[in-house]
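Open the model in your viewer and keep the selection tool at hand. The tour goes from the whole chain to a few single residues.

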Amino acid sequence: MHAFRAVDHLHMAQALRLAERGAWTTRPNPMVGCVIAHGEEVVGQGWHQRAGGPHAEIFALREAGARARGATAYVTLEPCAHHGRTPPCALALIDAGVSRVVAAMLDPFPQVNGGGFTLLREAGIEVQDGLMAAQARELNHGFLSRIERQRPWVRLKYGMSLDGRTAMADGESKWITGPAARADVQRWRARAGAILTGAGTVAADDPSLTVRLEGEGGEFLPPLRVVLDARLRTLGRPKVREGEAPTLYLHAADATPPATPGVEFAAVPGHAGRLDLPAVMALLAARGINEVQVEAGAGLGGALWRAGLVDELLLYQAPQLLGDAARPLLSGIGIDHMADAVHLDLHDVRQVGHDLRLLLRPRR
């Protein structure tokens, strides 16, 4: 176990803050930050800004210049060791003459996976890892899910009433939550690699599922819009195909997609008219999707829950009551007795406008 000093924690915390600046632009790559310092003095810092562009270490080394020699490099993820779209960062750190590298965690990507640490140690550089590892994993849970589990991190987003209802019995749901909550949703959409919905939601609401960040500035990569529509019955609802964001329809193998410019179609295994949800997630992971935000009704949400595919719930709870005839949060999850109750851990709670935002995760 490495003995880290207070100054190590200070610089790693800054590296993690820098890394988070890439939340909307780095995918499918992980978010990474780097700080180069002599003791308490920071001589260079940077973060990975966009896939295909320089990594965090390169930005930090450029800022540090000759002062990188003999310094400590703090990086939130193991420096890469392979030639991808950019040269290996481990070699850049070696060439710059840093004397020590402190990493929050190993990079499980198969072409790295300890190789960066090996290159650094073979060059005589002291390497320590594990500092603030839990925070680093939290930052990149989507990337790590895709690499380690071969599926994206799945987040269900709902607006709901105080009594846990998401729509009236006839489907009316605009608007349960207030404008501040709806604006907050856009920031979560911006960090997702895909926004997924079902045919029922498209048929009922004709949603656009785009990111709208009016007045906030900042670059983002438009997330892929994914529609689960086994029979392709919602093609007459056009909004989900409009705009610059790409759209992918996932359908049954025996459905024949029409020629639709600018839209992708892909067949997914299924049974009895329902698509195989683990196969859906495997397909999205193969496309480099780290995080999926699901914006759908109780049926699809419940099906994902039953399949064990839900990693977290993002709930916006409005201080109002809709009554027991209104639609529930999730359907078909089979709770008949208190012993069957689903237990969740409250990961974060805060007030957004007049509503509460709850981030909950299944208790493992």
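Start with the whole chain, before selecting anything. Residues 24 or more positions apart account for 69% of the contacts with a separation of 6 or more, a contact meaning heavy atoms within 4.5 Å. What you see is a predicted model, in which local features need pLDDT of at least 70 and side-chain atom pairs count only at pLDDT 80 or more, while totals for chains, interfaces and linings use all residues. Residues are numbered from 1 along each chain as its sequence is written, and side-chain values use heavy atoms, with hydrogens and water left out.

Switch to a cartoon. The protein has ten helices and 18 strands; these are DSSP runs numbered from the N terminus, with helices (H or I) of at least four residues and strands (E) of at least two. Along the principal axes, the C-alpha atoms fill a box of roughly 65 × 45 × 45 Å.

Now colour by accessibility. Of the 364 residues, 52% count as buried, where buried means under 20% relative accessible area, exposed over 50% and partly exposed in between (1.4 Å probe, protein chains only).

Zoom in on His-55, in the loop between strand S2 (41-47) and helix H2 (56-64). Leaving out residues up to four places away in sequence, His-55 touches Asn-29, His-48, Cys-80, Thr-86 and Cys-89.

Move to Cys-80, in the loop between strand S3 (72-75) and helix H3 (89-96). Is Cys-80 buried or exposed? Cys-80 counts as buried because its relative accessibility is 7%. Among the residues it touches, not counting those up to four places away in sequence, are His-55, Pro-87, Cys-89 and Val-112.

Finish at Gly-243, in the loop between strand S9 (224-228) and strand S10 (247-251). Gly-243 is exposed, with a relative accessible area of 65%.
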